[in-house]
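Please read these notes with the structure open beside them. They are written for someone new to reading a fold.

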Amino acid sequence: MAAFSVLAIAVASGKAGYVFLSGGKLQDWGITVQAVRSGNELVGFVQGLINELRPDVVVTEDCMASTCRKGDKAKALIRSLAKLASHNGVHDVDVPRPRSFQSKYEEAEALVTNYPEVAGHLPVRKRRIFDFEPRSMVLFEALALAQEVINGPPMRVAAAMG
């Protein structure tokens with residue numbers, strides 16, 4: 001498959017993370033907590049990313065999948081991002097959240113081996129049951145979504161492109 005650019009966005013409780021890959025190389029990434037206060041703020045934030053980065057595909061989590069563990073607010077935010085992509089003429093691909101590892105931390109460590117640029121965001125230790133999840137985990141969730149499209153079956157992207 002020809003190289004294409006992917007903007008993957010993950011939304012979690014009170015935060016959102018994005019990664020931008022072009023030709024399979026990580027070009028840009030970030031985390032925001034301010035933009036998830038309302039749907040309009042997140043849509044504005046992502047609109048700025050689309051304008052600046054010009055991705056071929058926007059990847060979000062499939063909220064309709066039975067494996068989706070997101071709350072109602074996060075699901076509504078994700079649906080608004082899918083609409084935004086279609087209004088911009090960018091292909092939206094929604095994928096079920098991959099769960100190939102025992103924990104998010106093992107997944108993050110595996111992703112760092114492929115993308116050492118984000119190693120600084122890797123949590124120092126696993127959280128205890130009563131700790132809040134580290135803010136940076138949403139970045140690895142976005143990276144996992146992007147990986148699912150890049151390394152996954154090409155039918156998913158082909159279906160989005162019509």
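1. How far apart should the end C-alpha atoms of helix H1 (residues 39–53) be, and how far apart are they? At 1.5 Å a residue, with the expected span taken as 1.5 Å times one less than the number of residues, the 15 residues of H1 should span 21 Å. The end C-alpha atoms of H1 are 21 Å apart, so expectation and model agree.

2. A word on the source. This is a predicted model, in which local features need pLDDT of at least 70 and side-chain atom pairs count only at pLDDT 80 or more, while totals for chains, interfaces and linings use all residues. Residues are numbered from 1 along each chain as its sequence is written, and side-chain values use heavy atoms, with hydrogens and water left out.

3. The chain holds five helices and five strands. Here helices (H or I, at least four residues) and strands (E, at least two) are DSSP runs, numbered from the N terminus. Read from the N terminus on, the order of elements is β-β-β-α-β-α-β-α-α-α.

4. Of the chain's 162 residues, 43% count as buried. Buried means under 20% relative accessible area, exposed over 50%, and partly exposed in between, with a 1.4 Å probe and protein chains only. The accessible surface of the chain is about 8600 Å², and 51% of that surface belongs to carbon and sulfur atoms. These areas come from the Shrake-Rupley method with a 1.4 Å probe.

5. The five strands form an open sheet with mixed pairing, in the order S3-S2-S1-S4-S5. S3 and strand S5 (91–95) stand at the edges with a single partner strand each, so one side of each has no neighbour in the sheet. On average, neighbouring strands of this sheet are turned by 20° against each other, direction ignored. Two strands count as paired if DSSP finds at least two bridges between them. S2 and S3 pair in the antiparallel sense over seven bridges, and Leu-21 has Leu-26 in S3 as its bridge partner.

6. Which residues of H1 are buried? They are Leu-42, Val-46, Leu-49, Ile-50 and Leu-53. Seen down the axis of H1, these buried residues fall within an arc of 100°, so they line one face of the helix. The arc is that of the directions from the helix axis to the C-beta atoms. An α-helix has 3.6 residues a turn, so residues three or four places apart point the same way. The face of H1 turned away from the buried side carries the exposed residues Asn-40 and Glu-52.

7. The buried residues of H1 pack against strand S1 (5–12), strand S2 (15–22), strand S3 (25–32), strand S4 (57–61) and helix H2 (72–87). Contact means heavy atoms within 4.5 Å. H1 lies across S1, S2, S3 and S4, running at about 165° to S1. Helix H4 (residues 137–151) lies across S1, S2, S3, S4 and S5, at about 140° to S1. Axes are lines fitted to C-alpha atoms, for helices over the stretch in contact, and angles run from 0 to 180 degrees between N-to-C directions.

8. In helix H3 (residues 104–114), the buried residues are Tyr-105, Glu-107, Ala-108, Leu-111 and Val-112. Down the axis of H3 they fall within an arc of 155°, so they line one face of the helix. Those buried residues pack against H4, whereas Thr-113 and Asn-114 are exposed on the other side of H3.
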